[in-house]
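Thanks for coming, everyone. Please look at the screen, and I will walk you through one chain.

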Amino acid sequence: MYSSISPKTMKETNIISVFNLIKLHPFITRREIAKKLSLSPSTVTVITEQLLAKELIVEDSPINGGKLGRRPVGLKVTGKYLFIIAVEVYDNRLAGAIFDINLKKVADYSYKIHISGSNITNHIIAFIEELKSKNEFVSPEYLGIGIAFAGMVERKNRQLVTATKMKIYEANIADVISDYFGINVYMENISVLAGMAEKARYRYSDYYVYIYNDQGIGGCVYEKGRFLCGSLGVSPEIGHLSVDPLGEKCYCGNRGCIEMYASMHSVLTAVAKHIEGGGKTAVKELSGGDNALIDGKMLSEAVKSGDSAVLDIILDAAEKFGLALVYIVNLFNPDTIVIGGRIEELGEIFKNKVLDTVTERTIPALRNTLKIEYVPVDDFQVLKGSAVLVLDNEIANVVLG
Ligand SMILES: [Zn+2]
């Protein structure tokens, strides 16, 4: 079993739903579970007995606070010794964290390394060994490994299609790592996993698009809780929608892709170039002259103090990002677009220009009910998504043996 999208039986889906509901609402009763999930009490009893037998949940009641009357016995997730390994692979960095099954982080680790060529699997194995040594629990048991790649991941055959900037040619990465550690390995694109970490928050939205705008731009489209993916099983390449047919050549083969103008990385690069070219900006002072330290909050602050050069860079990025959203709205007609990643740090100047562009250029019927939301930056968002991917796949496996 590999992908989050692989079709699941009703039995598996129910186990995952019950487990996730208990995780979200500690001390929930069996009766409340049945009501919330519209399942019969007997189905809930069977599933909770299975989860109890595998020690994934325990019966417990909150301390009553001196109130009269007894609350019925509730259920909560244990997560004591069962853990998930999550790893993020970029062209210049490996990062990882260990989560318990309540998705609480118990350890994390990262280092800079140039990832390229044909030795990536060994690098990841060595990294995971180091990461495991940071877990202070005695004889921990691991449920699985989730790996996030800054590249296209083909779900069907659990292969990297292309790790764009990374130039990875190795096949069977997941299988080799799985054989080495003796547990299942799941791989997915970083943007999809960032979206997966948000799944619980947006599960009541029928059609939503998640866009991760950080180092690059990527995303995923959800239709009634399921990912939309193409014949290869890859997520939509939102970052490579072209907004300028005569623009600069992109590494994907196209010209003028939005990732080159509107990703957080490209905005920061444009400001750094402006400084290197001798241009005036308040950012130079805010960053103490070190371009590597520039972040979105500094840009936002500079604009507030009347920095017109930075304002122009942000407005240009926002307009192009807005144009990409127009494509998405016209293609998918989502009810919500959720935008994550460090782009959120650019604040209202960026967000208002994006909204103006979408309002001006989309078909009114499609935009009238559309919500655009930004979710705050979280350093562990992608890793958390990797853990969710493992958990959703493995819980049913553990229970059904
Ligand atoms: Zn491109």
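First, the ground rules. This is a predicted model, where local features need pLDDT of at least 70, side-chain atom pairs count only at pLDDT 80 or more, and totals for chains, interfaces and linings use all residues. Residues are numbered from 1 along each chain as its sequence is written.

Now the overview. The chain has 14 helices and 14 strands. Helices here are DSSP runs of H or I with at least four residues, strands are runs of E with at least two, and both are numbered from the N terminus. Of the 401 residues, 40% are buried. Buried means 20 or more other C-beta atoms within 10 Å of the residue's own; 12 or fewer is exposed, in between is partly exposed, and C-beta atoms are placed from the backbone. Next, contacts. Two residues are in contact if those backbone-placed C-beta atoms lie within 7 Å. Take the contacts with a separation of 6 or more: 65% of them join residues 24 or more positions apart.

On to the core. In soluble globular proteins, nonpolar side chains tend to be buried together. A nonpolar core is a set of buried Ala, Val, Leu, Ile, Met, Phe, Trp, Tyr and Cys residues, joined through C-beta atoms within 7 Å. Which residues touch the most other members of the largest core? They are Ile-84, Val-87, Val-89 and Ile-314, out of 107 residues. Helix α11, residues 308-332, gives this core its largest share, 12 residues. Look at Val-89. Leaving out residues up to four places away in sequence, Val-89 touches Leu-94, Ile-115, Ile-124, Ile-147, Ala-148, Phe-149 and Ala-150.

Two helix pairs next. Two packed helices are described by the angle between their axes and the distance between the axes. Axes are lines fitted to C-alpha atoms, for helices over the stretch in contact, and angles run from 0 to 180 degrees between N-to-C directions.

Pair one is α8, residues 264-276, with α11. Their axes come within 10 Å and cross at roughly 150 degrees. The two helices are therefore roughly antiparallel. The cut-offs are these: under 35 degrees is roughly parallel, over 145 roughly antiparallel, 65 to 115 roughly perpendicular, and the rest oblique. The crossing of α8 past α11 is right-handed. From α8, the contact uses Val-267, Ala-270, Val-271 and His-274. From α11, Ala-309, Val-310, Ile-313, Ile-314 and Ala-317 take part. That makes 8 nonpolar residues, 1 polar and no charged. For those classes, Ala, Val, Leu, Ile, Met, Phe, Trp, Tyr, Cys and Pro count as nonpolar, Asp, Glu, Lys and Arg as charged, and the others, Gly among them, as polar.

Pair two is α4, residues 120-133, with α5, residues 173-181. The angle is about 35 degrees, and the axes are 10 Å apart. Again, the crossing is right-handed. On the α4 side we have Ile-120, Thr-121, Ile-124, Ile-125 and Ile-128. On the α5 side we have Ile-173, Val-176, Ile-177, Tyr-180 and Phe-181. By class, there are 9 nonpolar residues, 1 polar and no charged.

Now single residues. Ile-98 sits in strand β4, residues 93-100. Why does Ile-98 count as buried? Because 25 other C-beta atoms lie within 10 Å. Ile-98 touches residues including Phe-83, Ile-85, Leu-131 and Asn-135. Asn-135 is 37 residues away along the chain, yet the two C-alpha atoms are separated by 7.3 Å.

Compare Ser-110, in strand β5, residues 105-112. Ser-110 is partly exposed, because it has 17 C-beta neighbours inside 10 Å. Beyond four places in sequence, Ser-110 touches Arg-93, Leu-94, Ala-95 and Gly-96.

Most residues other than glycine have a negative phi. Ser-38 has a positive phi of about 50 degrees. Ser-38 lies in the loop between α2 and α3, and is exposed, with 6 other C-beta atoms within 10 Å. Glu-55 also has a positive phi, near 60 degrees. Its loop runs between α3 and β1, and Glu-55 is exposed, with 12 other C-beta atoms within 10 Å.

That is the tour.

Terms used: Left-handed = near helix turned anticlockwise from the far one by under 90°.
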